[in-house]
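Thank you all for coming; I would like to walk you through one model this morning, going from the overall layout to a few individual residues.

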Amino acid sequence: FATLLLLTAPVLAELPHVQLKLVSSVKTAGNAGFEFFEVGGQSFLAVANFWDGRSRDMSAASEIFSVAGGSKLQLKSRQKMKTK
């Protein structure tokens, strides 16, 4: 699992005593990065993976999730694609 923090450094600098709380987790495989983006007012999170720990060709499934807010961040898988 990888941890993703959706706060920027300038925001945290202004809130030095803020306490962070885990609201969701994403299972990853050799995670190479996350990218948050919006399309038509809908929020998405792309998770780029590069190795599943088993394959010889360094491949893994990367995934795009739709994101819904609230008291618990809700991620719903929308698309998986093989990446190398």
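Predicted model: local features only at pLDDT ≥ 70, side-chain atom pairs only at ≥ 80, totals over all residues.

Which residue in the turn of the hairpin that E1 and E2 form has a positive phi? It is Gly-40, with a phi of about 55°, and the hairpin has two residues between its strands.

Residues are numbered from 1 along each chain as its sequence is written, and side-chain values use heavy atoms, with hydrogens and water left out.

Let me give the overall layout. The protein has one helix and four strands, and from the N terminus on they run α-β-β-β-β; helices (H or I, at least four residues) and strands (E, at least two) are DSSP runs, numbered from the N terminus. Of the 84 residues in the protein, 20% are buried, where buried means under 20% relative accessible area, exposed means over 50%, and partly exposed lies in between, with a 1.4 Å probe and protein chains only. The protein exposes about 6,400 Å², of which carbon and sulfur atoms supply 56%; these areas come from the Shrake-Rupley method with a 1.4 Å probe, and for residues only the protein chains shown count as cover.

Now to the pairing of the strands, where two strands pair if DSSP finds at least two bridges between them. Strand E1, residues 31-39, runs antiparallel to E2 and is joined to it by eight bridges. E2 in turn runs antiparallel to E3, with five bridges joining them, and E3 pairs with strand E4, residues 74-83, in the antiparallel sense over nine bridges.

We can follow individual partners across these strands. Phe-36 is found in E1, and its bridge partner in E2 is Leu-45, which stands opposite Phe-65 in E3. Further along, the bridge partner of Val-47 in E3 is Glu-63, and the bridge partner of Ser-66 in E4 is Lys-76. Phe-36 itself is partly exposed at 40% relative accessibility, and, leaving aside neighbours within four places in sequence, Phe-36 is in contact (heavy atoms within 4.5 Å) with Ser-43, Phe-44 and Leu-45.

Which residues make up the largest nonpolar core? There are five of them, Val-26, Leu-45, Val-47, Phe-65 and Val-67, and the elements that give two or more residues to this core are strand E2 (42-49) and strand E3 (60-68). By a nonpolar core I mean a set of buried Ala, Val, Leu, Ile, Met, Phe, Trp, Tyr and Cys residues joined through side-chain atoms within 4.5 Å. In soluble globular proteins, nonpolar side chains tend to be buried together. E3 is mostly covered, with seven of its nine residues buried.

A polar atom of the Ser-62 side chain lies 2.9 Å from the backbone nitrogen of Asn-49. Leaving aside neighbours within four places in sequence, the residues in contact with Ser-62 include Val-47, Ala-48 and Asn-49, as well as Gln-79, Lys-80, Met-81 and Thr-83.

Finally, the aromatic rings: a search of the whole structure finds one aromatic pair. Phe-37 and Phe-44 form this pair, which is stacked, at 5.4 Å centre to centre and with 20° between the planes. Rings of Phe, Tyr and Trp (its six-membered ring) pair if their centres lie within 6.5 Å, and planes under 30 degrees apart count as stacked, over 60 as edge-to-face and the rest as tilted.

Terms used
Polar contact = N/O pair within 3.5 Å; in protein donor to acceptor, adjacent residues only side chain to side chain.
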